[in-house]
Amino acid sequence: MFLSLPLLLGLLVVAVHRELLPALPGSAAVGVGPGPWLPLLFAPMALATAAAAGARRSLLSGRAPLAPPRALLRLSFAAVPLAVHALFAFGAYGDFVDDLTQGGPFFGIVLTTLPVFVAEALRAPAAVRAAALCDVVDELRAEPTAIAVLPGAAGIAGLARLRLGGVAFVAMPVLVLGAGLELLATDRSLRVFALATTPGTTLGALALLLAVVAALPWWFRHALAVRPLPPAAAAPLGAVAEALGFPPHRVELLPTGMRALNAMLVGPLPYGRCLCLTDGIVRELDVDALAGVVAHEIGHARCGHPTLLLTLVVVAPLLLLAPLRWAGVETLDPALQAFVVAVGATVAWLVLRALAHRFEHEADVASVVALGAGPCSRALLTVARLAPMATHGLLTRLSSLHPDEQDRWRTMRRYEEDPGFRAAFDRQSRRIRVGIAAATALAALAFVGASARDWPHEQVVWRLHAGDHAAALRLAADLGPPPPHWRQVWPLVEQDLAVVRALAPAAADWPTARAALWPAAWQRGEDVLLAQGPAAARPWLSLALGAADHATPLQRALLGWSEAAADGDPERMAAIGDVVRALGVPPRLQRAFAE
C-alpha cells in the first residue's frame with residue numbers, strides 16, 4: 001500500500017553495484033564523475049509528469065494522446081532503477097562515495113543510497129497524480145470530461161503524502177545500519193569480529209534486526225503521519241482493544257486520502273506496537289464491523305504471528321548461512337548456484353505464503369472468539385465488495401498473502417458453529433508452532449556446529465586484523481589444513497600473516513600494529529611489486545591502506561590493480577591499469593607499468 005517497488009528495485013541495483021559490480025578504484029577521479037549523470041535522477045519525475053499531463057489532455061479533449069499515459073507511468077516506474085544503474089555504471093558513483101567518505105560508514109551508506117531515495121521522492125507525487133488521472137481515463141474511455149471533475153491536488157494529497165512517507169519509512173533500516181557500523185568503527189577489535197567472523201556477523205545481523213523492529217512502530221507513526229482516531233470511533237474501538245489486552249491509545253488512524261481500505265498491526269515486538277486503520281476503512285465500515293477488524297488485528301498479536309514469521313523467515317535463514325558454506329554451495333558452478341538460489345527462494349516463498357494464509361485464518365478465528373463471526377465477516381465482505389481483489393490466474397493466487405474472502409468467511413462460520421472443526425483447527429495451530437520451534441532449534445544447532453569448526457581459522461583472521469599479530473601468528477602455527485571452503489581464502493590470510501611477521505610480529509593491539517604498518521608496508525609493497533609483480537604486492541598494499549588514515553585515488557587504484565592480479569582477472573587489471581596511468585604512475589613504478 002505504501003511501500004514503493006521502484007525504490008526497492010533501486011536499492012537492489014545499489015547492492016548489486018556495491019557487492020558484485022564494484023567501480024574501478026580511482027575511476028571517479030579520472031573520468032567525468034557522477035556530475036553529468038545526476039540529472040537522470042529527475043527522469044522518473046519527468047516521465048510521471050508527462051503521463052499526468054497526457055492523461056489530463058486526453059480527458060479534456062476526448063482524444064487519445066500520442067504517448068499512452070499508462071505506458072509513460074510504467075516507464076517512470078522502471079526509470080528509477082535504470083537511472084541509479086547509469087549513475088553507478090557510467091558515473092563511477094560508488095568510487096566517488098568511497099573517496100569522499102573514507103572511514104565514515106554512516107555517511108558512506110547514506111550517500112550510497114541517497115540517489116535512490118531522491119529519484120523516488122521526486123517521482124512519487126507526480127506518479128500518484130498520473131495514476132489517478134489514468135484511472136479516470138480507463139473508466140471514461142474517450143468521453144470528454146469537464147475540468148471540474150478531474151482529480152485535484154486535494155484529492156490526491158493524502159495518497160501522495162503516504163507514498164512519500166513510504167520512502168522515509170524504507171530509509172529507517174538504512175540509517176540504523178549506518179549508525180551500527182559507525183558505532184563499530186569506534187572499536188577496531190569489535191568491528192573486525194562483527195564483519196570478519198561468522199559468529200560476529202550473525203550476532204551483528206540479529207542486533208541490527210532487533211534495532212530495526214524496535215524502532216519500526218515509532219518510525220512508522222512519524223513517517224506516515226499517523227493520527228488518533230476520530231472521537232466517534234476512538235471510544236468504542238478503544239474499549240474493544242482494552243478488553244482484548246491491547247493498549248487503546250495504540251489504535252490509530254493512517255491517513256491515505258480515503259484511497260485505501262486496510263488495517264495493519266505494526267511492530268513484530270509487543271514494545272511500542274500499534275494498530276492502524278486507514279481513513280478509508282473507518283469511513284466505509286460501521287463501528288461494529290470496525291470492532292471485528294480491530295479484533296482480527298489484535299488476534300495477530302495475541303497469536304504471536306509477527307514474531308513467528310520473523311523467526312522463520314529471517315532468523316532461521318541467518319543461522320543457516322554458516323552450515324551452507326560447509327555444504328560447499330559457494331564452490332558450485334555459478335549457473336548451478338543460481339539454480340539452487342532460485343529453488344530455495346521459491347520454496348521459501350511458498351512456505352511463507354502458506355503460513356501467511358494460515359495466520360490470516362487464525363486471526364479471523366481470534367476475532368470469532370472475541371466477538372463472534374458476525375463483525376469480522378461483515379467487515380471482510382464489505383471490503384471485498386468495495387475493493388475486490390483480483391483472484392483470477394495462477395500467478396495472482398501464488399503471489400497473494402491473503403486467502404480467498406469466501407474461504408475466510410466459511411472458516412469463521414465453521415469455527416463458531418462446529419466443535420469438531422474448532423478442535424482440529426486448534427490442534428493444527430499448536431503443531432505449526434512446534435514445527436517452527438523445531439526448525440529454529442535445528443538451524444541454531446547447525447549454526448553452532450558450523451561456527452565451532454570455522455572458529456580456529458576465523459580467530460586467526462580476527463586477531464590479525466584487530467592488531468593482535470602475536471596471537472594471530474601463535475594461533476596460526478597450531479592449525480591444521482583449512483576446511484574445503486577455506487582453500488581459496490586461506491592462502492591470502494597466510495600472505496597477510498607473512499607481512500605482519502616481517503613488520504610487526506610482536507604487536508598486541510591496533511595502535512602498535514597501525515604504526516608499524518603505515519607507511520612501512522606500502523613502501524615494502526612497492527619494492528615487492530617491482531621485484532615479484534603486483535600479485536605478490538597485494539598483502540603489503542592491502543594491510544598498509546587498512547592502517548592509513550586516508551588513501552588517495554592513486555593508492556586505491558594501485559591496490560585494486562594488485563588485487564585483480566592476485567585474483568587472476570586480466571581484464572579488470574588492464575582497466576585499473578588505465579586508471580593508474582591517467583592518475584599518474586609514480587616514478588619508481590614506471591617500469592612495472594611499462595612492462
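Predicted model: local features only at pLDDT ≥ 70, side-chain atom pairs only at ≥ 80, totals over all residues.
Which residues line the largest cavity?

**View 1. The largest cavity and its lining.** H17, R18, L21, P22, A23, F88 and G94 line the largest cavity, in which about 40 Å³ of space lies. When the whole structure is searched, one cavity of 30 Å³ or more is found. Sorted by class, the lining of the largest cavity comprises four nonpolar residues, two polar residues and one charged residue.

**View 2. The packing of helix α19 with helix α20.** Helix α19, which covers residues 469–477, packs with helix α20, residues 490–503, at an angle of about 125°, and the axes of these helices are 10 Å apart. Because of that angle, α19 counts as oblique to α20, and the crossing of the two helices is left-handed. On the α19 side the contact is made by H469, A472, L473 and A476, which meet L497, V500 and R501 in α20. The residues in this contact of α19 with α20 are, by class, five nonpolar, one polar and one charged.

View 3. L530 is placed in helix α22, which covers residues 520–532. Leaving aside residues up to four places away in sequence, L530 touches R588, L589, R591 and A592. For one of these residues, R591, the C-alpha atom is separated from that of L530 by 7.6 Å, although L530 and R591 are 61 residues apart along the chain.

Methods:
Residues numbered from 1 in each chain as written. Heavy atoms only, no water. Axes fitted to C-alpha atoms, helices over the stretch in contact; angles between N-to-C directions. Helix = DSSP H or I, 4+ residues; strand = E, 2+ residues; numbered from the N terminus. Parallel < 35°, antiparallel > 145°, perpendicular 65-115°, else oblique. Left-handed = near helix turned anticlockwise from the far one by under 90°. Contact = heavy atoms within 4.5 Å. Nonpolar A, V, L, I, M, F, W, Y, C, P; charged D, E, K, R; others polar. 1 Å grid on protein atoms, 1.4 Å probe; cavity = no way out; pocket = protein on both sides within 12 Å on 5 of 7 lines; lining within 4 Å. Points joined across faces, edges and corners; volume = space filled by probe spheres on them.
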